[in-house]
Amino acid sequence: PVRVEVLENRSVGPTLGADSINSGVKSGLVGAALVAVFMLIYYGVLGLAADIAMGISLLLLMACMVLLKTTLTLPGIGGIILTIGMAVDGNILIYERMKEEYRSGKTTIAALDSGFRKALWVILDSNITTLIAAAVLFYFGAGPVRGFAVTLSLGVVTAMFGNLVVTRTLLHIMLSQRKNTAL
């Protein structure tokens, strides 16, 4: 047995947690805005569709969190920020496949369909792997780790919906009106 000697004693009030949550929300919003601007600059019309899909994914994530009555914590904010990256990652995979298909001589709509079809398995693979990791975190974790796992899982599901349904629908609408213009 070793004698414990108190060297310093500090008291932390509830405002510190609120400040941390506010800073986390602010950094998430700034990150989302920077990602949205990058997608618009780099992909143009395709980036606009990705940004709309990302926004819908985030709205669905927030709706799921409200429905499950989850509390917003710093790990939860981390899961939301990771969702932003995953939502855009799927779109980038799709867009790069679409560009390859378009360059090989396919029409815009054919390149769109082929790009989605060929990127589907890569998107499913990465998201299922993330869901497995989130399930392990939820099973073995406690408290904040479980909150992160729940937020991450919901984010992955909403991001996949955004990538595979919302983006595809938006691009079919946008690109069918532009008829064979370059991606």
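**Exercise 1. Aromatic pairs**

Task: How many aromatic pairs does this predicted model hold, and how are the rings of Tyr 42 and Tyr 43 arranged?

Solution:
- The predicted structure holds 4 aromatic pairs.
- Take Tyr 42 and Tyr 43: their ring centres lie 4.8 Å apart. Ring centres within 6.5 Å make a pair.
- The planes of Tyr 42 and Tyr 43 stand at 80°. Planes over 60 degrees apart count as edge-to-face. Therefore Tyr 42 and Tyr 43 form an edge-to-face pair.
- Now Tyr 139 and Phe 140: centres 4.8 Å apart, planes at 85°, so this pair is edge-to-face.

**Exercise 2. Ring surroundings**

Task: Classify Tyr 42, Tyr 43, Tyr 139 and Phe 140 as buried, partly exposed or exposed.

Solution:
- Buried means under 20% relative accessible area, and exposed means over 50%.
- Tyr 43 has 7%, so it counts as buried.
- Tyr 42 has 49%, so it is partly exposed.
- Tyr 139 and Phe 140 are both exposed.
- Tyr 42 and Tyr 43 also belong to one aromatic cluster with Phe 38 and Tyr 95.

**Exercise 3. Overall form**

Task: What secondary structure does the protein chain have, and how does its radius of gyration relate to the globule rule?

Solution:
- Count the elements: 5 helices and 0 strands.
- The radius of gyration is 20 Å, while the globule rule gives 16 Å for 183 residues. The chain is therefore more spread out than a compact globule.
- Its C-alpha atoms fill a box of roughly 75 × 30 × 30 Å along the principal axes.
- Of the 183 residues, 33% count as buried.

Methods
Residues are numbered from 1 along each chain as its sequence is written. This is a predicted model: local features need pLDDT of at least 70, side-chain atom pairs count only at pLDDT 80 or more; totals for chains, interfaces and linings use all residues. Side-chain values use heavy atoms; hydrogens and water are left out. Helices (H or I, at least four residues) and strands (E, at least two) are DSSP runs, numbered from the N terminus. The radius of gyration is taken over C-alpha atoms; the globule rule is 2.2 Å times the number of residues to the power 0.38. Buried means under 20% relative accessible area, exposed over 50%, partly exposed in between (1.4 Å probe, protein chains only). Rings of Phe, Tyr and Trp (its six-membered ring) pair if their centres lie within 6.5 Å; planes under 30 degrees apart count as stacked, over 60 as edge-to-face and the rest as tilted.
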